[in-house]
Amino acid sequence: MSSHETPGTAGNDPQRESAPGSVPGNVPENVPERREVTVRRAPKYVPFLILGGLVGVAAAAIIAYALPGDEGYDASSVFGFFMILCAAGGVILGALAALVLDRMSVRRAERAVVESAPDTDDDRA
């Protein structure tokens, strides 16, 4: 079963039934195979995670260098501490955003019927 094929539909496609009078299991070679697939646009998770981490690092820089702080702590050590916390939070928020977009894409998924294209000797050269 293809990764794009809907579970439970393999093998029970009425369009793929054999013609009357033919032997079951023997499909003529000139009849294209038809399948029903689900088409959707799913987000890539890694860019969302990276972007969330970068936004977290930017937030840590703003916290450490733009806001007034205690004189007992160096700004770079405050930045390092908040960078760990904010980057982790940004990665989590980026993952949540990707999950929400993924669920929205499932709702907008469309069904399509595809046919296999016959192989020709000219394409193999």
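A residue is counted as buried when its relative accessible area is under 20%. By this criterion, 14% of the 125 residues of the protein chain are buried in the predicted model.

The secondary structure of the protein chain comprises 3 helices and 2 strands. Along the sequence, these elements are arranged in the order β-α-α-β-α.

A search of the whole structure for aromatic pairs returned 2. One of them is formed by Y65 and F79, with a distance of 5.8 Å from centre to centre and an angle of 35° between the planes; this pair is tilted. Y65 belongs to helix α1, which covers residues 45–66, whereas F79 belongs to helix α2, which covers residues 75–107. The pair therefore ties together parts that are 14 residues apart in sequence.

An aromatic pair is also formed by F81 and F82, whose ring centres are 5.4 Å apart. The planes of these two rings stand at 80°, and an angle over 60 degrees counts as edge-to-face; the pair of F81 and F82 is therefore assigned to that class. As to accessibility, F82 has a relative accessible area of 27% and is thus partly exposed.

Terms used
Residues numbered from 1 in each chain as written. Predicted model: local features only at pLDDT ≥ 70, side-chain atom pairs only at ≥ 80, totals over all residues. Heavy atoms only, no water. Phe/Tyr/Trp six-rings, centres within 6.5 Å; stacked < 30°, edge-to-face > 60°. Helix = DSSP H or I, 4+ residues; strand = E, 2+ residues; numbered from the N terminus. Buried < 20%, exposed > 50% of the residue type's maximum accessible area, 1.4 Å probe, protein only.
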